[in-house]
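Thanks for coming, everyone. Please take a look at the structure on the screen, and I will walk you through a few parts.

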Amino acid sequence: MPGDYIAMISEHILRLGHALAEHRGLKLSTISTYIAGSGDTLERLRRGRTMTIRRGEALLQTLSDRWPADLPWPSDIPRPPPNSKEAA
């Protein structure tokens with residue numbers, strides 16, 4: 001079960017990363033640096049690498065906190081409530 005959950009989180013992070021990159025006109029590696037502090041994190045996920053549940057949930061939280069107001073969050077991806085201190 002944890003493997004299925006992290007696979008789902010990874011898929012959500014990748015979809016959100018691609019949407020944000022397209023919206024901002026940036027490379028995926030730039031978005032990866034922006035949310036994960038490493039330009040290859042999203043590429044590693046795309047290649048099937050895994051991460052811990054804690055890391056995946058932290059990345060989803062960062063995306064939620066920094067998600068642009070003019071870009072709709074995908075309705076099929078549960079959104080963590082943005083932290084008011086971090087929200088952009």
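Predicted model: local features only at pLDDT ≥ 70, side-chain atom pairs only at ≥ 80, totals over all residues.

Let's begin with helix packing. Two packed helices are described by the angle between their axes and the distance between the axes. Our pair is helix 2, residues 28-36, and helix 4, residues 53-66. How far apart are their axes, and at what angle do they pack? The axes are 9 Å apart, and the angle is about 100°. Angles from 65 to 115 degrees count as roughly perpendicular. Helix 2 and helix 4 are therefore roughly perpendicular to each other.

Which residues meet there? From helix 2, we have Tyr-34, Ile-35 and Ala-36. From helix 4, we have Arg-55, Leu-59, Thr-62, Leu-63 and Arg-66. Sort this contact by class, and you get five nonpolar residues, one polar and two charged.

Let's stay with two of those residues. Tyr-34 lies in helix 2. Is Tyr-34 buried, partly exposed or exposed? Tyr-34 has a relative accessible area of 30%, so the residue is partly exposed. Now set aside its neighbours within four places in sequence. Tyr-34 is then in contact with Leu-20, Arg-24 and Arg-66.

Thr-62 sits in helix 4. Its relative accessibility is 18%, so Thr-62 counts as buried. In sequence, Tyr-34 and Thr-62 are 28 residues apart. In space, their C-alpha atoms are 9.2 Å apart. Thr-62 also pairs up with Pro-80 in this way: 18 residues apart in sequence, and 9.2 Å from C-alpha to C-alpha.

Back to helix 2 as a whole. Which of its residues are buried? They are Leu-28, Ile-31, Ser-32, Ile-35 and Ala-36. Look down the helix axis. These buried residues fall within an arc of 105°, so they line one face of helix 2. What covers them? The cover includes helix 1, helix 3 and helix 4.

Next, the salt bridges. Side chains of opposite charge can pair when their charged atoms come close. How many salt bridges does the structure hold? It holds four.

Take Arg-15 and Asp-76. Their side chains form a salt bridge, at 3.0 Å from N to O. This pair links distant parts of the chain, 61 residues apart. Arg-15 is in helix 1, residues 2-24, while Asp-76 is in the segment after helix 4. Arg-15 has a relative accessible area of 34% and is partly exposed.

Now Arg-44 and Asp-40. The closest N and O atoms of this salt bridge are 2.7 Å apart. Arg-44 is partly exposed, at 28% relative accessibility. Asp-40 is partly exposed too, at 34%.

Then there is Arg-47 with Glu-43. Here the closest N and O atoms are 3.9 Å apart. The cut-off for a salt bridge is 4 Å, so this pair is counted. Is Arg-47 buried or exposed? Arg-47 is exposed, with a relative accessible area of 51%. Glu-43 is partly exposed, at 27%. Glu-43 and Arg-47 also belong to a network of salt bridges, together with Arg-46.

That is the tour. Questions are welcome.

Conventions: Residues numbered from 1 in each chain as written. Heavy atoms only, no water. Axes fitted to C-alpha atoms, helices over the stretch in contact; angles between N-to-C directions. Helix = DSSP H or I, 4+ residues; strand = E, 2+ residues; numbered from the N terminus. Parallel < 35°, antiparallel > 145°, perpendicular 65-115°, else oblique. Contact = heavy atoms within 4.5 Å. Nonpolar A, V, L, I, M, F, W, Y, C, P; charged D, E, K, R; others polar. Buried < 20%, exposed > 50% of the residue type's maximum accessible area, 1.4 Å probe, protein only. Arc of directions from axis to C-beta.
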